[in-house]
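I opened this entry to look up a handful of positions one by one. My notes follow in the order I took them.

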Amino acid sequence: MSERICPKCGTSVKEILETGFVGCEKCYDLPEIKAAVDKMFGGKRHPKTEK
Ligand SMILES: [Zn+2]
């Protein structure tokens with residue numbers, strides 16, 4: 001099982017989730033990071049303004 005890393009900065013998903021810091025904006029494209037960000041900010045979204 002290989003660990004997913006950001007193709008741009010090379011930071012691993014595990015590292016990002018452990019530290020809470022992303023290496024670059026591309027890190028947000030990783031599915032695991034997207035899911036984590038959704039969890040963190042999901043409650044603040046306004047369903048009415050979403051397309
Ligand atoms: Zn990155």
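I started with Leu30 and asked what it touches. Setting aside residues up to four places away in sequence, I found Arg4, Cys6 and Val13 in contact with Leu30. I am working on a predicted model.

Next I asked where Leu30 sits. I placed Leu30 in the loop between helix 1 (13-19) and helix 2 (31-41). Is Leu30 buried or exposed? I logged Leu30 as buried, because 20 C-beta neighbours fall inside 10 Å. The cut-off for buried is 20 or more. I also checked Leu30 against Pro7. The two are 23 residues apart along the chain, and their C-alpha atoms are separated by 9.2 Å.

I moved on to Pro31. Pro31 belongs to helix 2. I counted 9 other C-beta atoms within 10 Å of Pro31, so I wrote it down as exposed. The limit for exposed is 12 or fewer. Val13 had already come up in my notes as a contact of Leu30.

Then I looked at Cys9. I found Cys9 in the segment before helix 1. How many other C-beta atoms lie within 10 Å of Cys9? I got 13, and therefore Cys9 goes down as partly exposed. Which residues is Cys9 in contact with, leaving aside its neighbours within four places in sequence? My list for Cys9 reads Gly23, Cys24, Lys26 and Cys27. For Gly23 I also took the spacing. Cys9 and Gly23 are 14 residues apart in sequence, and I read 6.1 Å from C-alpha to C-alpha.

Gly20 is in the loop between helix 1 and helix 2. I noted Leu30 in that loop too. I marked Gly20 as exposed because 8 C-beta neighbours are inside 10 Å.

I counted two helices and zero strands in the protein chain. The chain has 51 residues, and 8% of them count as buried. Leu30 is one of the buried residues. Among contacts with a separation of 6 or more, I put 9% down to residues 24 or more positions apart.

How values were computed
Residues numbered from 1 in each chain as written. Predicted model: local features only at pLDDT ≥ 70, side-chain atom pairs only at ≥ 80, totals over all residues. Helix = DSSP H or I, 4+ residues; strand = E, 2+ residues; numbered from the N terminus. Contact = placed C-beta atoms within 7 Å.
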